[in-house]
Structure formats: structure tokens, C-alpha cells
Amino acid sequence: MVYQVKAQKPKARAALLLVAALLFAMSCSKKDNPLLLDTNLPLGTGAGNLPYVTGVAPQNGWQLMDDDPHTAGIQATVAVTFSDYMDEASVLSGVSVLNTTTGEAVAGLSISYNADARKLFVRHTDWTRSAAYLLVLAPGGAKNRWNVPLDGNRNGKADGDPYDNALSTFYTEGSSPDSCVSTAPPTVTSITPDTTRITETLPDISVAFSAAMDSTTLVSDNFKLLSVTGSSVQLDRTWFSTWQVGFRPRSPLRYGDMYTITVVGAGVRADALRNTPQYLLLLDGDYDGPDQNEPDFKSYFLCDTLRAPTVSVTSIGNGTRFDFTELMDESTLDAQNVRTFDAGGYVPGTMVYSRNAPGNNTRIDYYFSRPTQGGHRAFVSRQVTSAANRMLDGQPSPNGIGGEPWDDFWGQ
Ligand SMILES: [Ca+2]
Ligand SMILES: [Ca+2]
Ligand SMILES: [Ca+2]
Ligand SMILES: [Ca+2]
């Protein structure tokens, strides 16, 4: 602010100086008042935090309401709130609105940013009726005051344009939510069989998606079945719908083998509304929003008639009882692989093996060699195997596959 004081009379000059002093005092008291946020400091734990959009009004997919009924046409403002204090010039430069019903960019927007409220306002005094819109905030434009770009897809990483565009849709009277384009890429919502053991050698394999898919891309070229040995099994498509597809192996699977199902991200595509951003048609293979190097989606299962052993523990006098669901290879049940701990650490013990568990399976009565204190924790390594040579499935909710990295058993 510049004050022209030279040509003023002494009285007017004194008044102006008083105003200037008051303004200065007000700016000081604003900073000194602990109830007012200091907008010169970043929110969160550090300036490196990526800013993001915390809310849009109207919400994604909702109607933009006319706020001036006395004037013909639709006058309305879209308000965007940020998590952090943004650089005003950059925010204003990154805003665009697409009329996705016509495919045309909306011209004549009046855009403003309220720094203290961390809010962006996008106003038009004549929104077209019967149209759906896509608001786009580009991270290349929208940066916070510490030059950190917008995290539009909220995955905590800077993914750049267009992947980190913050997107929101709305529609005007005469249109509907169904006309709003998707603002997220498709994901796999379920796959069968999924990280489990099956006994069929010609299983039905089905994959379901979060969005309607282009059925011409739901073909066997984009779905790979590989055995653990690396050999590929041809899949034949048995059925498909808008959201799902089913396959069956052309040749029988082998018992004892693990199989990986891969959905080729570069192959399958969403069947989206016209004017949906193209990068949102590709599969989000790792569930962290769209990014440039999207991995293929992968899942696996085991084809086997033999069950992986699981174990449970109970307390006995001065010891712990381990009951396995299978007959075990006792040579693997050594003092390395079967242990008990208490508040003082490892509790050595004497192991007594028997086949008295239900189903004539292996039981170990583990008698402590020293007095114990507090509760016990029992441990069985995933390296232990059944007599049929299947590794332990020791995770809290066993999935039928033994020997996975999380299959060490820990019990109370
Ligand atoms: Ca109006
Ligand atoms: Ca991101
Ligand atoms: Ca991703
Ligand atoms: Ca497991």
C-alpha cells in the first residue's frame, strides 16, 4: 500500500498517518492473536506435505443450484477447499471446467481465491442448462505456498499432470448424476479364486471391476494364467457382462502348483462416458489412483488336494499344547521352529510328541524348563511341514496356502 502524503495539508496528512499506523497495528495484532491462523506457516507436519482438496461444493456428482432466482439463467459458484494455504497465482492458473455433455471448455468463468479460507471459487453467471461438467485443478498449476504441487489423486505421491489433477463433477437442471463422467480409474473389485486353495483342475476364474468395462477388452489376451514354474495356461472366456468376465483354463492345472492371474493393465479399459479423461479409462492396478507407470493387477491361488497344516495352542499345567490339523513331519518340529516366550523372553522346554489330537494328528506337549512369569506366547515357524510336505498356514485367518511370508504362527 502506498500513501501519497506530499501534497496533503498537515491535518489530512496526520489523519492518513494515523490510518497507516492503525492498519499496521491491526496486521500486528492479527499475527499475535493465537486464535487466528498464521497463514505464513504450512498446515500439517511440514511444508513437504502435499496439498489436496478437502471438499467441493456441490459434491462430486451433485447438482449445481441457481443462486439467483430473480435473474434468468443459472448463476452459481463452485467452491473448492484446500488442505493447505495455496499459492494464489498458481491455483488460479490451474483451473478449468469442461462441459462434458458437449465436450467444450466453459468460457467466461470468474475465478477467485480466498487465501485465509483456503477456498477457490469458480463462478459463472450463465451456466448452460441440461449439462454435466468436470472441474479440473491441475497440479502443474495448483501449488501451495511452499511450491509443493497438488495431490489430486490423494495417494501421498506427486504424480504430475494429468494423474494428480483434482477432479469433481456436477450437473445443471435438466441433466442428472448419470451424465457425470467418472473421476476415478477402474479397479479390480474381486477375483475368484483369490489367494486360496482350490481342488478343481479346470476352475472357473472370474474377475469383477469397479466400473463398466469395454467388453472388447475383456478377452483372454488381457488375462494371463501362469504356473509357479513359469508356464502359461491358455484361458478361454466362458462368459462376460458389463462389470465382470469369466474364464476357464483350456488344459487341467497341476496339483501342488501355485498359479498367478494377471490382468494386463494396458489392455483392459473402462467403457466410460464420452469426454471422460482418457487416462481414467486404464486400470488402477495397485489401488493408489492413476499414475504413469501403472502395474498390472496380480493375484494367485494354489491348486492342491492336500491341505496346508494349521496349528492351535492351549495351556496345560506348566506348559503349552500345540495341536496341528495334519500329521506333521516331526523332524521339522525342533526347538528352533517351535518355541514359547514369556515376559522374561524365550522359555526352553521339553517337547513330547503324540498323535492324540483329533483326527490322529500331531500334538506337542511343551513342558517349560524354567519357572515362567506372566502370559505366554507360542511360536511355530512357517517352515514346519506336514508329513505330506505342506508348509504351515499360520496366519491368524488361514487362507489355505502354507509357507507365505506371513504364515509364522503366534498364539497366546
Ligand atoms: Ca437464475
Ligand atoms: Ca498423487
Ligand atoms: Ca495406481
Ligand atoms: Ca497362508
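Mentor: Let's begin with strands, which are DSSP runs of E at least two residues long, while helices are runs of H or I with at least four, all numbered from the N terminus. Two strands pair if DSSP finds at least two bridges between them. What you have here is a predicted model, where local features need pLDDT of at least 70 and side-chain atom pairs count only at 80 or more, though totals for chains, interfaces and linings use all residues. Residues are numbered from 1 along each chain as its sequence is written, and chains are lettered from A and ligands numbered from 1 in the order they are written.

Our part is strand β8, residues 132–137. On one flank, β4 (residues 95–99) pairs with β8 in the antiparallel sense over five bridges, and Asn99 sits opposite Tyr133 there. Strand β9 (residues 166–171) is also an antiparallel partner of β8, this time over six bridges; Leu137 has Ala166 as its bridge partner in β9.

Is β8 covered or open? It's mostly covered, with six of its six residues buried (buried takes 20 or more other C-beta atoms within 10 Å of a residue's own, exposed 12 or fewer, partly exposed in between, with C-beta atoms placed from the backbone). Both faces are covered: Ala132, Leu134 and Val136 are buried on one side, and Tyr133, Leu135 and Leu137 on the other. Across the chain, 33% of the 412 residues count as buried.

Now for the cores. A nonpolar core is a set of buried Ala, Val, Leu, Ile, Met, Phe, Trp, Tyr and Cys residues joined through C-beta atoms within 7 Å. The largest has 42 residues, and Val263, Phe322 and Val380 have the most contacts inside it (a contact puts two C-beta atoms, placed from the backbone, within 7 Å). Strand β18 gives this core its largest share, four residues. The core lies between domain 3 (188–303) and domain 4 (311–411), because both give residues to it; domain bounds come from an automatic or database assignment.

Stepping back, the chain has two helices and 26 strands. As for pLDDT, the predictor's confidence in each residue from 0 to 100, the chain's mean is 89, and 88% of its residues reach 70 or more. Over residues 1–38, though, pLDDT stays under 50.
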